[in-house]
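This report describes the overall build of a protein chain and then turns to a single residue within it. Please keep the sequence and model in view while reading.

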Amino acid sequence: MVVVDISKVFPGRIPQILATVTGTLTALSDGMQYGWSAPIIPLLQQPSSPVKITNSDIVWIENTFMLGGLAGIPLTIYLLDKLGRKNSMLIAAVENLIAWLLLIFASSSEVILVARFLTGFAGDCNFVATPMYIAEIADKKIRGRLGALIFIMMLMGILLIYSIGPFISIAASSSVGAAVIITQLLTFSFMPESPYYLLVKNRKEEARQALRILRGTEDVDQELEEIAQAVEEENRARGRPLELFTVKSNRKAIIIMSVLNFAQHFSGVSVILMNLHMILEDAATNIPPSIIAIIFSVLMLFASGLSALLIDSLGRKILLYTSCFLTAVTLLLLATYFACKNNDVNMEAYSWVPAVAVISYAITFKCGLGLIPIVLTAELFPTNVKALGCTVSDAMYIIGSVSSIYAFHFLHMNYGMHVPFFLFGCACLLTGIFSLLIIPETKGKTLDEIQKLLKGEESAVNGACVSDADSETIPLLS
């Protein structure tokens, strides 16, 4: 694979930014697929649709995307350890491209389901490999901001499909998705592999060259030795996959990520993104659902950008628990509206409530709960179990998504729209408490310091952080 020495053209942190932007273009495509069903299913239900679907097809179109991700877990584990982070991301991009081509030429619901499954398959690999890649190439002072970019790109994809999906043909919107992937393949192919991965594979000279490119300087020997020492210490502890659960620090990391990944979906994000138009139509708002959907995705994007700017100054923890509590308020407000409406209370004077609740949700969710977990995924696991840890976390993410979608449809059909939203609101409240009491702050800490923190060596970490003359903040006081 050709690697261009972009450090000679872009000094400093610019190479890290370029590698992150080009590497996360697949996330933009994934975002288009994630939100695809909301604007496209109404088109498929029209008499003029080139593909005829039934009501049962709708649930399958939503969940096949997630089930594809679940099926992709074994391959993801293999690719990350055998081929590396970068090559795994490129393979995911090729799979995404094939899926978009299938949608362009789809003539039956079966072809659509195959495309959705393949996209989920690729998305699993992408959302495990990309956060790992970013965390391992980024300077610790900007790691949080760069790590947040994957979700920002995903939201840009949702905004894109919400903006063009209802107004152009399915083939045309799919062509836009294919163009995004082609752009990534033409640009990210020239970026370096993760220095951490190269050192794990004993390719020290390649790691040195990759680090020179990423840092924009020839003087990388000290950082290279620090990374090599951290990798050596972690490899010394390398053992069976079972150690992900038997080692205390690893077990704490997997518990945190499992709770957060389930919480993301039981805050209703998959349900809302995939059924936004239907939910708003049921709420009988005065504003067209397609307009609210665009506003919703714009505000999600804005909130993610704001959170990305604040994540390395305010920290992960405060953003996370604040987001959980405020998101719970928006969901409980929406649930209360539906409960009153379903009990034949005249809500005509309050028809604005669902729009306000949904728009507020976009901001509160993405300011923390919708962004922080993807950053923590790459930070909490040590190198020797990172591939497995991130993959298991991703499995929890997918299971949470599928469970929340089925729970929503079951509760909605049998008990009313208000019941699932009461469930989602309560889940957010519990997650806020968990975040406040259990999750450690990783702001301003190296990956090695984070491992010491998880092991309970907090005093050593604080002392190291205070003595770090390059730190922008003093983590001891945070």
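## Overall dimensions

The radius of gyration is taken over C-alpha atoms, and the globule rule is 2.2 Å times the number of residues to the power 0.38. With 478 residues, the protein chain would as a compact globule have a radius near 23 Å, and its value of 22 Å agrees. Along the principal axes, the C-alpha atoms fill a box of roughly 70 × 45 × 40 Å.

This is a predicted model, in which local features need pLDDT of at least 70 and side-chain atom pairs count only at pLDDT 80 or more, whereas totals for chains, interfaces and linings use all residues. Residues are numbered from 1 along each chain as its sequence is written, and side-chain values use heavy atoms, leaving out hydrogens and water.

## Fold and burial

The protein chain has 23 helices and zero strands; helices (H or I, at least four residues) and strands (E, at least two) are DSSP runs, numbered from the N terminus. Of its 478 residues, 59% count as buried, that is, under 20% relative accessible area with a 1.4 Å probe, protein chains only.

Contact means heavy atoms within 4.5 Å. Among contacts with a separation of 6 or more, 82% join residues 24 or more positions apart.

## The setting of Leu369

Leu369 lies in the loop between helix H18 (352-366) and helix H19 (372-380). Leu369 is buried, its relative accessible area being 0%.

Beyond its neighbours within four places in sequence, Leu369 contacts Ala263, Gln264, Ser267, Leu320, Ser323, Cys324, Cys428 and Thr431. The C-alpha atoms of Leu369 and Tyr321 are 7.8 Å apart, although 48 residues separate the pair along the chain.

Technical notes: Buried means under 20% relative accessible area, exposed over 50%, partly exposed in between (1.4 Å probe, protein chains only).
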